[in-house]
Number of protein chains: 2
Amino acid sequence: MQIAVVLFDRFTALDAVGPYETLGRLPDADLVFVAEERGPVRSDTGRLALVADRSFAEVPHPDIVIVPGGPGQTPQMENEALLAWLREADAHSTWTTSVCTGSLLLAAAGLLAGRRATSHWLALDFLKQFGAEPTGERVVLDGKYVTAAGVSSGIDMGLTLLGRIAGDEHAQAVQLLTEYDPQPPYDAGSPQKAPAHLVEEFRTKSRFILT
Amino acid sequence: MQIAVVLFDRFTALDAVGPYETLGRLPDADLVFVAEERGPVRSDTGRLALVADRSFAEVPHPDIVIVPGGPGQTPQMENEALLAWLREADAHSTWTTSVCTGSLLLAAAGLLAGRRATSHWLALDFLKQFGAEPTGERVVLDGKYVTAAGVSSGIDMGLTLLGRIAGDEHAQAVQLLTEYDPQPPYDAGSPQKAPAHLVEEFRTKSRFILT
């Protein structure tokens with residue numbers, strides 16, 4: 001089963017690595033990192049590069065598509081090379097998935113119209129512009145489309161999809177081997193739980209960043 | 001504050017990317033991926049390469065050292081280039097940290113003797129061979145040494161250390177922005193919680209892998 005993880009300049013690394021580390025443990029996974037061109041692709045901090053081993057043209061029809069988000073998503077919304085690849089890949093995929101603002105790229109490609117979907121909490125409302133119905137859930141399945149909330153949610157998405165494809169026991173084995181027994185030192189991982197002034201601060205900033 | 005994330009052949013990607021994505025969001029973080037030599041370093045699946053932007057020699061004295069684990073840790077236990085760099089870096093570091101079997105590398109370098117530490121649950125007992133005292137905790141602080149359990153625990157470790165260094169509010173902001181509000185679809189993330197036959201299966205396999 002071929003799994004393509006999409007990279008683009010200034011993606012968020014954990015968006016991509018969470019699903020890679022979980023869903024990539026499918027028994028017959030042929031996982032490949034892809035980008036417009038082969039080679040290193042820098043993440044949003046500028047401090048890390050992941051290598052795209054294949055170009056879009058070399059991986060036209062993966063079984064599973066995984067699209068991360070990150071600040072670099074904004075310019076990609078008008079990158080016809082990416083959008084056209086997403087449309088073509090989606091036409092043949094078994095599952096089309098995203099983490100964080102990667103769902104906005106799926107939406108911009110026209111793939112989420114009329115569908116329930118999620119995104120980073122700061123970007124949820126933008127889904128409506130593309131006819132998608134935003135939800136506050138962490139992992140949303142609508143047909144073959146699986147979208148996850150911000151950054152770290154790709155781990156939950158990966159395990160969820162792993163269970164669907166390979167069975168609960170295989171997913172549990174991967175959870176055990178990745179020792180995914182979260183114990184965050186704070187309880188501030190969602191806008192409902194975090195201190196209100198932090199939520200407001202980022203909402204204010206994001207009005208400039210996302211629009 | 002310079003943060004060095006160590007890479008070596010067949011490391012586990014999430015071990016490195018969890019702390020990168022959290023602790024790397026320190027306000028003045030100068031984070032750099034390092035390896036024996038510059039260039040792409042393949043993870044344990046062979047499907048992903050992260051780029052080491054600097055060699056060990058170029059980053060002799062980081063403020064924070066982060067050592068991931070993974071199947072490739074075993075041959076590194078006898079890699080004097082890595083062990084010597086760890087000792088020299090540790091002699092000047094403010095924090096020396098590990099995720100997963102990365103703690104065995106710290107231990108092999110002689111840095112954990114007499115200290116409380118943790119590791120991947122399958123590797124915990126090996127810490128004793130180096131005079132360390134294994135604990136079942138997810139994140140263990142002993143002086144400037146911070147060790148985390150398997151793979152995904154590096155996220156919890158990163159947030160914990162972020163709080164210590166930059167304050168609770170900054171750590172909460174990073175938790176909120178990475179939307180780290182875990183909702184695993186299963187409750188099988190530790191040997192205490194996972195189905196017993198899976199735990200036994202991996203314990204049996206690991207006797208061949210780890211010894």
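I looked just past helix 5 of chain A and found G167(A) with a positive phi of about 100°. Helices (H or I, at least four residues) and strands (E, at least two) are DSSP runs, numbered from the N terminus.

I note that this is a predicted model, in which local features need pLDDT of at least 70, side-chain atom pairs count only at pLDDT 80 or more, and totals for chains, interfaces and linings use all residues. Residues are numbered from 1 along each chain as its sequence is written, while chains are lettered from A and ligands numbered from 1 in the order in which they are written.

**Helix 5 of chain A**

I took its length next. Helix 5 of chain A covers residues 153–166, 14 residues in total, and spans 20 Å from its first C-alpha to its last. That is close to the 20 Å expected at 1.5 Å a residue (1.5 Å times one less than the number of residues).

Buried means 20 or more other C-beta atoms within 10 Å of the residue's own, with C-beta atoms placed from the backbone. The buried residues are S153(A), G154(A), I155(A), D156(A), M157(A), G158(A), L159(A), T160(A), L161(A) and L162(A). Their cover in chain A includes helix 1 (13–22), strand 7 (95–99), strand 10 (139–142), strand 11 (145–148) and helix 6 (168–177).

**W95(A)**

I then went to strand 7 of chain A, where W95(A) lies. W95(A) counts as buried because it has 21 C-beta neighbours inside 10 Å. Apart from neighbours within four places in sequence, W95(A) is in contact (C-beta atoms, placed from the backbone, within 7 Å) with I64(A), K144(A), V146(A) and L161(A). I also checked W95(A) against L176(A): 81 residues separate them in sequence, and 24 Å in space, C-alpha to C-alpha.

**Helix 5 against helix 6**

I followed the axes of helix 5 and helix 6 of chain A, which come within 6 Å and cross at roughly 145°. On the helix 5 side, the contact is made by L159(A), L162(A), G163(A) and A166(A). On the helix 6 side, I listed D168(A), H170(A), A171(A), V174(A) and Q175(A). In chain B, the axes of helix 5 (residues 153–166) and helix 6 (residues 168–177) also come within 6 Å and cross at roughly 145°. There, L159(B), L162(B), G163(B) and A166(B) meet D168(B), H170(B), A171(B), V174(B) and Q175(B).

**Chain B and chain A**

How does chain B superpose on chain A? I recorded a rotation of 180° with 0.0 Å of shift along its axis, at an RMSD of 0.0 Å. This is the relation of a two-fold axis. L50(B) is the residue of chain B that comes closest to the rotation axis, with its C-alpha at 2.3 Å. The same surface serves both copies, as 100% of the contact residues of chain B recur in chain A.

I looked up the contact count: 54 residues of chain B are in contact with 54 residues of chain A. Elements of chain B that give two or more residues to this side are helix 1 (13–22), strand 2 (30–35), strand 4 (49–52), helix 5, helix 6 and helix 7 (196–209). Helix 6 of chain B gives the largest share, seven residues.

Terms used:
Buried ≥ 20, exposed ≤ 12 C-beta atoms within 10 Å, placed from the backbone. Contact = placed C-beta atoms within 7 Å. Axes fitted to C-alpha atoms, helices over the stretch in contact; angles between N-to-C directions. Least-squares fit on C-alpha atoms with pLDDT ≥ 70 in both.
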